[in-house]
Amino acid sequence: MLISLARLTPEGIRFEHQYKDDEIDLSQHDFLFRRPPLVAGRITRAGVDLKVSGQMQAVLELPCDRCLAPVSIETDQPFELFYSPGEYEAGKVGETELHGRDLDFSVYESDEFELDELVLEQLELNLPSRVLCREECRGLCPQCGTDLNYEQCQCQEPVDPRWQALAELKRQSDE
């Protein structure tokens, strides 16, 4: 969703958008929407910079890190971001030194603000580091792929060749 900055008043621009299922391309992301995002907020000027603040709600579906079963995660998060006007110069190639202030800002290039990029960025940044269908999830067998939450596989646990001689001694002592 594009927001025109041409009509930005001193009070700012309020926005609210309920995304549809196929409105955002998720092909480069590891999640799907169970309930597409609802985003509401305000864009204001802070000198030449833009301050974008608001609230985002969505329900995402991600695979369990152990068994790959779908897991729903509800997110309701505030955001406050600053954007500086881009200083792109045609033909200028090279490195630019970043200062501490630069790390808190993103860049906008035109008189339109792209809300979709902000939504995807915020969703990615707020994903949990570990997604589990349940805390006691046993995962998948690494040999045959059986879901160990529902059935026991018949695979023999492979013995590391470095421990093979000790495994033989243990087997002999058990007989």
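What share of the contacts in the chain with a separation of 6 or more comes from residues 24 or more positions apart? In this predicted model, such residues account for 59% of those contacts.

## Elements of the chain

The chain holds seven strands and two helices. Read from the N terminus, the order is β-β-β-β-β-β-β-α-α. The helix α1 covers residues 115–125, and α2 covers residues 164–174. A loop lies between α1 and α2, and Trp163 has its place there. Thr146 is found in the loop between α1 and α2 as well.

## Burial and surface

Of the 175 residues in the chain, 31% are buried. The accessible surface of the chain is about 12300 Å². Carbon and sulfur atoms make up 49% of that surface.

A nonpolar patch on the surface is formed by Trp163, Leu166 and Leu169. Together, these residues have about 350 Å² of accessible area. Trp163 belongs to the loop between α1 and α2.

Is Thr146 buried or exposed? Thr146 counts as buried because its relative accessibility is 15%, and buried means under 20%.

Key
Residues are numbered from 1 along each chain as its sequence is written. This is a predicted model: local features need pLDDT of at least 70, side-chain atom pairs count only at pLDDT 80 or more; totals for chains, interfaces and linings use all residues. Side-chain values use heavy atoms; hydrogens and water are left out. Helices (H or I, at least four residues) and strands (E, at least two) are DSSP runs, numbered from the N terminus. Buried means under 20% relative accessible area, exposed over 50%, partly exposed in between (1.4 Å probe, protein chains only). Contact means heavy atoms within 4.5 Å. Accessible areas come from the Shrake-Rupley method with a 1.4 Å probe; for residues, only the protein chains shown count as cover. Patches are made of residues with over 30% relative accessible area and no salt bridge: like charges are joined within 9 Å, nonpolar side chains (Val, Leu, Ile, Met, Phe, Trp, Tyr) within 5 Å. A salt bridge is a side-chain nitrogen of Lys or Arg within 4 Å of a carboxyl oxygen of Asp or Glu.
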